[in-house]
Amino acid sequence: MLRVNIVGIGPGNPKLLTGAAREAIEQSTILIGDKRMLANFASGKRTYDTIKTAEICKICSEADADKDVVSVLVSGDVGFFSLAKTISGKLPDCECVRYCGISSLVYFAQLLEMSWDDAKIVSMHGRRQNFIEAVAHNKKVFALTGGENSPQALCAKLCAHGLGGVTVYVGENLSYDDEKVTCLKAEEGVEKTFGSLSVMMIINDDAKALAHNVHGLSDDLFIRSKVPMTKQEIRAVSVSKLMPQETDVIYDIGAGTGSCSIELALQAKRGMVYAFERNPEALELIEKNKELFGVENLTVVAGEASENLEAMPVPDCVFIGGSGGNLCKMLDCIYSKNANCRVVVNAITVETLIEVVEYYKQREGYALDIVNVFAARAKKLGAYNLMMSQNPVYIMTVLKKGE
């Protein structure tokens, strides 16, 4: 069996290698990694300049298990936003051994003479995370940067959300001879240019504890108009039934004002919410509420949801508040992407209720639960409070049997 070492080389300077990692590299006949990583270790080895998983697998499949030992070099630590997780899962016929390295977080924190155990960690390198929410509600945030999310661009985002006064430390080319650390305010960072190999530590002394620690937010917190809105009481039950997890990919179909989209984005802080809406007025409201709550993990999708679902990422759960007459078509598409998807459908008409019941009669692998929720709100009339009933809503929850 071919031995494949997955070696965390730390920030890049070979002086920072662990002894075990150095020994693994020395014993290897083949090294794989990007050009920067290979430069210090290539002597006497067969080297391959790539970090593409498919190419790494091909190289390993062509290696001689009796003569070769392969080391795949990855930056930082193998357990910290690392390529190691992807690679090891793609090499089931190899003996994969991981070697830890010093992560950029650990190295940068020691440069700043700062503890990092209380830092909120986000990666903006090829990922979409709720960066603004993290900075707004945490006194210390460490961020990996890259691509369109450069330190300059992230400083601009902070300024756009009223966080231009936070302190930002930017570390460039960490551990190399041209290493540089810059301390400035976010509003100053907008005017600067930083290297592509950069990380950030953001200090927000005015961070506020997250106020929205429950779902079922007051309707008055949202920007509203005549666009239909899922009211607080119905929203609270619907979100509970959907059971969103922190890392879920979630669809909100027929998003209206975006009240459910916002609630779901706040629950799935490390996930992504896609709000589907065709009404132009509603689309504007969703964008306004997105900015109001600072939920960057919410993407608004304009147009008919049934025409856009196919191109979307695979969902973990779906909330349907309006289907535009395409309910069965949309459910078929959702289940073709993920047969285990959790689904909640809200309806105020008996016709939609019947459509859902009939759809799941043909699908015995799913369990349908129906709750009819009635709510009434007090309205002041002189010295008295009169209870004014709201439309009763059918909340239909569907789970794969056994889930």
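A crossing of two helices is left-handed if the near helix is turned anticlockwise from the far one by less than a right angle, and right-handed if clockwise. The structure described here is a predicted model, in which local features need pLDDT of at least 70, side-chain atom pairs count only at pLDDT 80 or more, and totals for chains, interfaces and linings use all residues. Residues are numbered from 1 along each chain as its sequence is written, and side-chain values use heavy atoms, with hydrogens and water left out.

Of the 403 residues, 47% count as buried, a term for under 20% relative accessible area with a 1.4 Å probe, protein chains only. Among contacts (heavy atoms within 4.5 Å) between residues at least 6 apart in sequence, 67% join residues at least 24 apart.

Two packed helices are described by the angle between their axes and the distance between the axes. Here the axes are lines fitted to C-alpha atoms over the stretch in contact, and angles run from 0 to 180 degrees between N-to-C directions. For α13 (residues 327–337) and α14 (residues 350–361), the axes come within 10 Å and cross at roughly 40°. The two helices are therefore oblique to each other; angles under 35 degrees count as roughly parallel, over 145 as roughly antiparallel, 65 to 115 as roughly perpendicular and the rest as oblique. The crossing of α13 with α14 is right-handed. On the α13 side, Leu 327, Cys 328, Leu 331, Asp 332 and Tyr 335 meet Thr 352, Glu 355, Val 356, Tyr 359 and Tyr 360 of α14. By class, this contact holds seven nonpolar residues, one polar and two charged (Ala, Val, Leu, Ile, Met, Phe, Trp, Tyr, Cys and Pro count as nonpolar, Asp, Glu, Lys and Arg as charged, and the others, Gly among them, as polar).

A second pair is formed by α9 (residues 232–242) and α10 (residues 259–267), which pack at an angle of about 45° with their axes 11 Å apart. That angle makes α9 oblique to α10, and α9 passes α10 in a right-handed crossing.

Leaving aside residues up to four places away in sequence, Met 37 touches Ile 9, Leu 73, Val 74 and Ser 75.

Technical notes: Helices (H or I, at least four residues) and strands (E, at least two) are DSSP runs, numbered from the N terminus. Buried means under 20% relative accessible area, exposed over 50%, partly exposed in between (1.4 Å probe, protein chains only).
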